[in-house]
Amino acid sequence: EATARAAGGTAALGLAVAVGAGAVLAAAVLHRRRRPVEPDADRIEREWRRLVADLGDLGVPALAASATPRQAGGQYRPTVGTASGALGRVVATVERSRYHPGGAAAGDVGADVRTVVDQVRRAAPWRARARVRLWPSRRADALRGVLLSPRAGRR
């Protein structure tokens with residue numbers, strides 16, 4: 001009789017764990033469905049801005065505000081070394097996203113952006129590499145935005 005009670009208790013515990021795991025899984029699926037999906041064009045532009053900012057932090061001369069992706073690619077090409085293929089794919093994807101009707105062909109430009117930045121980082125002086133790691137311009141811009149916002153003076 002004690003064995004039967006132990007088996008019943010174990011079965012009940014197993015059932016409770018299975019029900020709990022199912023509830024957690026269902027909640028995770030619902031959360032993922034409710035989370036807004038970033039459109040391809042927005043994601044591509046975000047990655048492009050990251051590329052431009054990181055290369056600027058590493059000492060690559062800044063682009064003119066009116067520079068097209070193709071012009072930027074031409075300016076960056078001499079500095080990216082073996083990552084010129086990745087840079088070409090990023091430029092082509094940004095151009096498709098901006099200028100072709102129907103938007104961009106989905107693709108992971110993030111991997112190509114990392115390839116380009118890593119290649120330039122390897123060739124950059126150690127001070128530039130340290131500055132990018134410790135205090136990238138993206139972080140400084142975000143902090144500047146918080147400190148200079150109209151709400152900052154009201155605290």
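Arg-89 is partly exposed, at 46% relative accessible area; buried here means under 20%, exposed over 50%, and partly exposed in between (1.4 Å probe, protein chains only). Arg-89 forms a salt bridge with Asp-112, and the closest N and O atoms are 3.0 Å apart. A salt bridge is taken as a side-chain nitrogen of Lys or Arg within 4 Å of a carboxyl oxygen of Asp or Glu. Arg-89 sits in helix α4 and Asp-112 in helix α5 (residues 109-123), so the contact ties together parts 23 residues apart in sequence. Helices (H or I, at least four residues) are DSSP runs, numbered from the N terminus. Asp-112 is buried, at 13%.

The model is predicted: local features need pLDDT of at least 70, side-chain atom pairs count only at pLDDT 80 or more, and totals for chains, interfaces and linings use all residues. Residues are numbered from 1 along each chain as its sequence is written, and side-chain values use heavy atoms, with hydrogens and water left out.

The salt-bridge count is eight. Glu-45 is buried, at 18%. Arg-98 is partly exposed, at 34%.

Within helix α2, Asp-54 and Arg-50 are four residues apart, about one helical turn. A salt bridge links Asp-54 to Arg-50, with closest N and O atoms 3.7 Å apart. Asp-54 is buried, at 4%. Both residues belong to a salt-bridge network that also includes Arg-46 and Glu-47.

Terms used
Helices (H or I, at least four residues) and strands (E, at least two) are DSSP runs, numbered from the N terminus.
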